[in-house]
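Please consult the sequence and the structure shown below alongside the text.

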Amino acid sequence: MKTILVIDDENMNRMSTKFILEKAGYNVVTAESGDEGIMLLSDIAADLVLLDVEMPDKNGIETLRELRRIPKLSNIRVCFLTASGSQDDLTEAVHLGAKGFIKKPCRPEELAAAVEEAFAKNDDRLMLVIDDETMNQMLLKRIFGREYHVAVEKSGEDGLAFLGKNIPDIILLDLKMQGIDGEETFQRIKQDERLANIPVIFLTADTDRSVEQRLFKMGAMDFIRKPFDPDIVHERVRRIMELQRLQNLLQDEVERKTNDLIHSFNKIQRLSEQIILALSAAIDAKDAYTNGHSDRVAEYSREIAKRMGKNDTEVNDIYYAAMLHDVGKIGIPGEIINKPGRLTDEEFDIIKSHTVKGAKILESISEMPGLSVGARWHHERYDGKGYPNGLKGEDIPETARIICVADCYDAMSSNRSYRKALPQEIVRAEIEKGRGTQFDPAIADIMLKMIDEDADYKMREV
Ligand SMILES: [Fe+2]
């Protein structure tokens, strides 16, 4: 069983991390400070240290720095736990060989996966040397043998065959070789999606600058001139690998942040939808005769908007505006809304005020300015004889003109206390009659087409 040491100054974090990792099958030891952790490590053989970055006294970076100075512990795997880690910390941690960063707080499965990944990372980094000169092969093996598993291939063909089965961390590539030369080998590497990101350093005795320029443009990382100076070769490779590691870490971080953002965005979107649905249910609950009215008007409006060629965002905006078009009814006394007999003029005026009341309620939702438009003007008529403002024709916002048709259609095709839904041919005739007077003729035409396609009269309250 693998042993993990968790160093974190917060008791809750230590306990929860221990709990999660023990459940995932690890043996977990905890320490509440860097010093305690270092002391423990001299007694226990830990396979991995999870190290909190922000700690009083000695922080995570300082602790790791100290660990790296203790010969017995200098190679221990370390992953950071961090809530906010600054870029400087990140850079230094990478220099110090941290295996990864686990962002706090994280879900149990994320923690277990990150730990698994830290274990999966192979310490034996693989270097591929493609060079036909034995002397160079031996020299490079001697320089890098302690840090890398160095694979040697003596031709471009052999190198590519090796790459068919292995993905090294870095490639050192001789430029001049028999058969497939360095440049062609490099081109093939770059064309292979699996290999394209592996850093390639050319080994060359060539002093032709134009070749260098061309290869740099194609993505070569560096050129090392033969004969080699071992220290320079070593330092160049070290720098390139560091750069690569940093780049990968940053890429991971960007990916993680992007996923977080998408997750939050989707959550907010779902929340907004749920609030709108709850509000529309509240509207319909107020009016005993219009069960599901808002829902159906929204569905019909969405279909009309789609047929008008609106894009997804526009269709959605219209859908939500339609869902809330009668929200002002919340502000109208229930006894007037649900009055069984004829309304007096005064009562009718009060009912009419649901348009302006609704618009005022929805105006406060500044993120969706289109919502209030539907509420305010869905009782306007194309001929200018509607309310509340007597707007005419195209002066009525399109969203309101769509909702108006959908709203009237649903009023006729749904049941009332005093009648069942009207027969489809009567509803159709009424829409046709209102074409150009009550309704925008183009939108009425779309509604008529929808009716004609609805052979079984499914678009109605059942
Ligand atoms: Fe209305």
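How are H6 and H10 oriented to each other? The model is predicted. The axes of helix H6 (residues 134-144) and helix H10 (residues 230-286) come within 10 Å, crossing at roughly 60 degrees. Angles of 65 to 115 degrees count as roughly perpendicular and those under 35 degrees as roughly parallel; H6 and H10 are therefore oblique to each other. Their crossing is right-handed.

Five strands, in the order E7-E6-E8-E9-E10, form an open sheet with parallel pairing. Strand E7 (148-153) and strand E10 (222-225) are the edge strands, each pairing on one side only. On average, and with direction ignored, neighbouring strands of this sheet are turned by 20 degrees against each other. Strand E9 (residues 200-204) runs parallel to E10 and is joined to it by four bridges. Thr204 has Arg225 of E10 as its bridge partner.

| Helix | Strands touched | Direction angle |
|---|---|---|
| H7 (residues 156-165) | E6 (125-130), E7 and E8 (170-174) | about 160 degrees with E6 |
| H8 (residues 182-191) | E6, E8 and E9 | about 150 degrees with E8 |

Conventions: Residues are numbered from 1 along each chain as its sequence is written. This is a predicted model: local features need pLDDT of at least 70, side-chain atom pairs count only at pLDDT 80 or more; totals for chains, interfaces and linings use all residues. Side-chain values use heavy atoms; hydrogens and water are left out. Axes are lines fitted to C-alpha atoms, for helices over the stretch in contact, and angles run from 0 to 180 degrees between N-to-C directions. Helices (H or I, at least four residues) and strands (E, at least two) are DSSP runs, numbered from the N terminus. Angles under 35 degrees count as roughly parallel, over 145 as roughly antiparallel, 65 to 115 as roughly perpendicular and the rest as oblique. A crossing is left-handed if the near helix is turned anticlockwise from the far one by less than a right angle, and right-handed if clockwise. Two strands pair if DSSP finds at least two bridges between them. Contact means heavy atoms within 4.5 Å.
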